[in-house]
Structure formats: structure tokens, C-alpha cells
Amino acid sequence: MKTMKPMRIAIPLLLAWLVSFRPATAATELLRDPKLVTPDGQALASSWKPWQAEWEAARLSLEPTPAGVRFRAANAPFAIGGMAQTVTGVRGGQAYAVSAQCQLSGVDAPYPTVLVRVEWLKDGRAMHPAGLLVRGPRVAGQEARFEDVLIAPVGADSARVSLETKWPRGGSVLWKQASLLPTDTPKPRKAKIGTVYLRPRDST
């Protein structure tokens with residue numbers, strides 16, 4: 001019986017460890033249809049609402065494909081357009097990881113051409129008229145990615161995520177996916193601030 005004592009101790013410890021172990025819970029995706037299109041790739045998913053310029057000559061064409069949604073305007077180099085989705089269940093003070101991915105074709109200047117914007121809403125109204133731009137794009141070849149962590153302001157109860165294309169100048173943009181996930185608040189970081197005093201002389 002003496003030889004059984006270690007087993008009597010080890011078994012309860014093992015059971016306690018198994019009970020206490022819980023796999024990490026994945027954050028819930030808040031965007032509906034993060035792949036942007038219907039499963040067959042033949043139409044824009046109903047959760048995404050397209051928007052265009054009011055002036056017809058400055059509108060982009062929208063083409064759903066199995067890989068995503070393509071925007072182009074061969075004869076309107078300064079056309080604009082995009083698509084947006086409103087997300088409910090946002091909590092003020094919560095951090096959210098925002099990401100999006102697109103493919104550029106014939107786009108010489110990606111930084112003004114593709115934008116991802118988040119507008120925090122309260123009772124259906126934007127809390128700031130311009131919203132916030134998501135950090136990016138980071139371009140590698142034809143692929144462009146947006147990644148950022150944004151904190152919803154106090155009072156926010158929803159958000160509008162907008163994928164925007166502007167002035168493709170004969171090129172095209174294929175938006176592939178977007179994501180909005182609750183995440184941990186980033187830790188504070190130190191920043192250096194400098195001030196420049198400029199005293200122009202003999203200027204007009």
C-alpha cells in the first residue's frame with residue numbers, strides 16, 4: 001500500500017490540471033462576409049454596401065470575382081468608389097484589430113489610391129466626420145495590406161468600415177478581404193517630441 005501513495009497524490013493533481021486547462025478562445029469576427037463576395041463569387045455580399053461618386057463620369061465600375069471585388073475605371077483616371085459595412089456590438093474603450101488586403105494592378109501610386117477607413121458611430125451617427133484611417137498600405141509586389149489597432153471612443157456603439165479606391169489612373173484594385181476583431185489594448189510606449197522654431201526672413 002505504501003507504493004500507492006505517490007499515485008494517490010499524482011492522480012488528483014493531474015485531474016486538477018486537466019480541469020483548469022482551457023484552450024485560448026479566438027476573438028469573434030465582427031464583420032459579416034469578410035471575403036466580401038457571395039460563396040460563388042458572382043455578387044457582392046449583401047452585408048457590404050457599394051458607394052460611388054455622384055457625378056457619373058467619376059464613378060468606378062464594380063466587378064465581383066471569386067477572389068474578391070475589383071474596382072476599375074479605364075476611361076476615368078480620377079474616379080472614386082468603394083464599399084462599406086456597418087457593424088453593431090461595438091463597446092466604447094475596447095481595442096479592435098482592423099485589417100484588409102487588396103491586389104493592385106497598374107496602380108503607380110498606391111498610397112492615395114487605396115484607403116481603409118473606420119467611423120465610430122453613436123446612435124447611428126458618426127462621432128467624427130472624417131473617421132480614422134487604418135495604417136497602410138504596406139505594399140509587397142502587387143499585394144497591399146492594412147493593419148492597425150484602434151480604440152473605440154467612449155459612447156461608441158457601432159462602427160462603419162469602408163474600403164475605398166480613388167484615382168486609379170487606368171489601373172484596378174481587387175479588394176480581397178477585411179477583418180474587425182476585438183483585441184487587447186496596446187501597451188503605452190514612449191515617444192519623443194521635438195519642436196522647431198522657424199523665423200523666416202525676407203519672405204513674401
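Two residues are in contact when they have heavy atoms within 4.5 Å of each other. With that in hand, start with the whole chain of this predicted model. Of the contacts between residues at least 6 apart in sequence, 74% join residues at least 24 apart.

**Whole chain**

The elements run α-β-β-β-β-β-α-β-β-β-β-β-β-β, for a total of two helices and 12 strands. Of the 204 residues in the chain, 36% are buried.

**First stop: Thr165**

Select residues 158–166, which form strand E11, and pick out Thr165 within this strand. Thr165 has a relative accessible area of 0%. Because the cut-off for buried is under 20%, Thr165 counts as buried. Next, display the side chain of Trp175: the side chain of Thr165 makes a polar contact with it, at 3.0 Å. To see what else surrounds Thr165, leave aside its neighbours within four places in sequence and select Leu60, Phe71, Ala79, Ile80, Gly81, Thr113 and Val173; these residues, together with Trp175, are in contact with Thr165.

**Second stop: Gln177**

Move to strand E12, residues 172–183, and select Gln177 there. Is Gln177 buried or exposed? Its relative accessible area is 15%, so Gln177 is buried. Which residues is Gln177 in contact with, leaving aside its neighbours within four places in sequence? Select Pro34, Lys35 and Leu36, then Ser99, Ala100 and Gln101, and finally Arg145; these are the contacts of Gln177.

Rolling a probe the size of a water molecule over the atoms shows where empty space is left. In this model, the largest pocket holds about 170 Å³ of space. To find this pocket, select its lining: Arg135, Arg138, Glu147, Asp148, Val149, Ile151, Pro186 and Arg189. Which strand gives the largest share of the lining? Colour residues 143–151, strand E10, which supplies four of the lining residues. Then colour the lining by residue class. Five of the lining residues are charged and three are nonpolar, while none is polar.

Note on methods: Residues numbered from 1 in each chain as written. Predicted model: local features only at pLDDT ≥ 70, side-chain atom pairs only at ≥ 80, totals over all residues. Heavy atoms only, no water. Buried < 20%, exposed > 50% of the residue type's maximum accessible area, 1.4 Å probe, protein only. 1 Å grid on protein atoms, 1.4 Å probe; cavity = no way out; pocket = protein on both sides within 12 Å on 5 of 7 lines; lining within 4 Å. Points joined across faces, edges and corners; volume = space filled by probe spheres on them. Nonpolar A, V, L, I, M, F, W, Y, C, P; charged D, E, K, R; others polar. Polar contact = N/O pair within 3.5 Å; in protein donor to acceptor, adjacent residues only side chain to side chain.
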